[in-house]
Amino acid sequence: MENFRIGIPSKGRLAEVATELLGDAGLKFRRQDRSLFARVRDMPIDITFLRTDDIPVLCAEGAIDMGITGSDLVQEAEVEVDTRMELGVGKCRLALCVPEDTSWNTVGDMKQCRVATSFPNVTRQYLEANGAQPHLVNLSGSVEVMISLGIADAIVDLVETGSTLAANRLKIFAEIGSYETVLIQNKQKRMPELADRIVRRLEGVVIARDYSLLEYNIRRENLAAAEAITPGFNSPTINPLEDEAWCAVRAMVKRKEVIDVMEKLEQLGASAILQTNIANCRL
Ligand SMILES: Nc1ncnc2c1ncn2[C@@H]1O[C@H](COP(=O)(O)OP(=O)(O)OP(=O)(O)O)[C@@H](O)[C@H]1O
Ligand SMILES: O=P(O)(O)OC[C@H]1O[C@H](OP(=O)(O)OP(=O)(O)O)[C@H](O)[C@@H]1O
Ligand SMILES: [Mg+2]
């Protein structure tokens, strides 16, 4: 049988992200120079390097069995694929943006305005649903500069930190959606066991990146309160200590909450509070 095929971005911000995720999940491959193809070591999987925005349609058509791309591009492509998981990276929003000094109050006020975007389908749907009939200017990049070039009154583009908008004296007028990098799969689900194995491996990596392992000692009378602060993924692990008044607790904690949780535990009298980052896990 033909190898399972995974499509990942050949360049751009998601190229490294995808290679690293697959590598951490044990799918090791080497891309030679500008080659568009690589074989995964010890597994019947081929990696194809594609343009990020072509991945949704190529996955829907079955050219690849799975793909890594932005969920914004999946929505814009208007194709039928299964989104198997969110990968916890590449988070961004799609927004309708206007000059800082706009006189519009609502999207409905925009009527027949000119809107520059690389997301024509999502943009048209959103604006028409909100009572505007835009003239769309379809572009593939540098969209934020189009208002000062005089060819658009508004834009629809991705926003992460907002610094590109600020640099172009634009502001968000309305948010259209929130997106992140996703793993998609062709609906036919060729080689389903291998596909599920890839998903489980990636889940291990994505969860591990999101959580830390926290260990601490606490007096038994404060254990219930401590467990409420660190309920763990399922439940925390409790071990007795030589001093019977104390016990040791181990629990998974969301990485972005760790500092806050450590402070609360300290206030509760916990000692020897240790944070360990996890490389991989199966829960
Ligand atoms: N500023 C951003 N922050 C986070 N994610 C982003 C950002 N811009 C884009 N993305 C995500 O990355 C995907 C790929 O972005 P894009 O197609 O712009 O490629 P790129 O990495 O910027 O390369 P290019 O130079 O071709 O634009 C987007 O569809 C979106 O999901
Ligand atoms: O809110 P920010 O953090 O400023 O990020 C948003 C910018 O990032 C992306 O552009 P990119 O860097 O990919 O350039 P491009 O226009 O060449 O795609 C996106 O198209 C925005 O322009
Ligand atoms: Mg870009």
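Predicted model: local features only at pLDDT ≥ 70, side-chain atom pairs only at ≥ 80, totals over all residues.

Domain bounds here come from an automatic or database domain assignment. Residues are numbered from 1 along each chain as its sequence is written, and chains are lettered from A and ligands numbered from 1 in the order in which they are written.

**Ligand 1.** I found that domain 1 (4–90 + 180–190) and domain 2 (92–179) both give residues to its shell, so ligand 1 lies between them. For shells, a residue counts as near if its C-beta atom, placed from the backbone, lies within 6 Å. Of the 14 residues around ligand 1, the nearest are G12, R13, G70, C92 and E160.

**Ligand 2.** I listed its surroundings, among them G141, S142, E144, D157 and E160. Strand β9 (154–159) and helix α5 (163–167) each supply at least two residues, and β9 has the largest share, 3 residues. Helices (H or I, at least four residues) and strands (E, at least two) are DSSP runs, numbered from the N terminus.

**Helix α4.** Next I checked residues 120–129: which of them are buried? They are T123, Y126 and L127, where buried means 20 or more other C-beta atoms within 10 Å of a residue's own, exposed 12 or fewer, and partly exposed in between, with C-beta atoms placed from the backbone. The face of α4 turned away from its buried side carries exposed E128 and A129. Just after α4, I noted that G131 takes a positive phi of about 85 degrees.
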